[in-house]
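Have the sequence and the 3D view open while you read.

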Amino acid sequence: MKLTVKSLKIILLVVLLGFGIGIYLQDLQHRKSTQHAWKANRYNLSRFDKITEYNKKMNAGNWQMMRDSIQGQLDTLMILRFRREVDSINDLNSQDGKPQTAQLLGGMR
């Protein structure tokens, strides 16, 4: 096949058209994902704004109350994590036919 000026122009036109369509489709996907990201981050942004506002109002009295609240939340998280670990161990042991961990610890349930 001989490459003539006409066939080179057609090839160039097809390549440029392909790039143009590809860039257009990529831009559409980018707009869609950006729109979804903004919707997802709206909640996080409102939480961040509340935390920032609370930090502006913080003084020595607020700090003690906030520290106690954080400590209580961490205690709750540790208890929940421990329970989840015990349940996980119980599930593994029940599959093996071994005695339940909660029974060994004094019947936590």
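How many salt bridges does the count come to? The count comes to 1 salt bridge. Keep in mind that this is a predicted model.

That salt bridge joins Arg31 and Asp27, with the closest N and O atoms 3.2 Å apart. Both residues sit in helix 1, 4 residues apart, or about one turn of the helix. An α-helix has 3.6 residues a turn, so residues three or four places apart point the same way. As for how open the two partners are, Arg31 is exposed because its relative accessible area is 55%, where over 50% is the cut-off. Asp27 has 31% relative accessibility, so this residue counts as partly exposed.

Now for the overall layout. The protein chain has 3 helices and 0 strands, so to read along the sequence is to follow the pattern α-α-α. Helix 1 covers residues 5-57, helix 2 covers residues 60-96, and helix 3 covers residues 101-104.

Over the whole protein chain, 6% of the 109 residues count as buried. The chain exposes about 10100 Å², and carbon and sulfur atoms supply 63% of that area.

Part of the surface is a nonpolar patch of about 600 Å², made by Leu3, Leu8, Ile11, Val15, Phe19 and Ile23. Phe19, one of these residues, lies in helix 1. With 56% relative accessibility, Phe19 counts as exposed because the cut-off is over 50%.

Here are the residues of helix 1 with their accessibility values, side by side:

| Residue | Relative accessibility | Class |
|---|---|---|
| Phe19 | 56% | exposed |
| Arg31 | 55% | exposed |
| Asp27 | 31% | partly exposed |

Finally, a word on confidence. The mean pLDDT of the protein chain is 79, and 86% of its residues reach 70 or more. Among the elements, helix 1 has the highest mean pLDDT, at 85, while helix 3 has the lowest, at 52. Where pLDDT is low, the predicted coordinates should not be read in detail.

Conventions
Residues are numbered from 1 along each chain as its sequence is written. This is a predicted model: local features need pLDDT of at least 70, side-chain atom pairs count only at pLDDT 80 or more; totals for chains, interfaces and linings use all residues. Side-chain values use heavy atoms; hydrogens and water are left out. Patches are made of residues with over 30% relative accessible area and no salt bridge: like charges are joined within 9 Å, nonpolar side chains (Val, Leu, Ile, Met, Phe, Trp, Tyr) within 5 Å. Accessible areas come from the Shrake-Rupley method with a 1.4 Å probe; for residues, only the protein chains shown count as cover. A salt bridge is a side-chain nitrogen of Lys or Arg within 4 Å of a carboxyl oxygen of Asp or Glu. Helices (H or I, at least four residues) and strands (E, at least two) are DSSP runs, numbered from the N terminus. Buried means under 20% relative accessible area, exposed over 50%, partly exposed in between (1.4 Å probe, protein chains only). The expected span of a helix is 1.5 Å times one less than its number of residues. pLDDT is the predictor's confidence in each residue, from 0 to 100.
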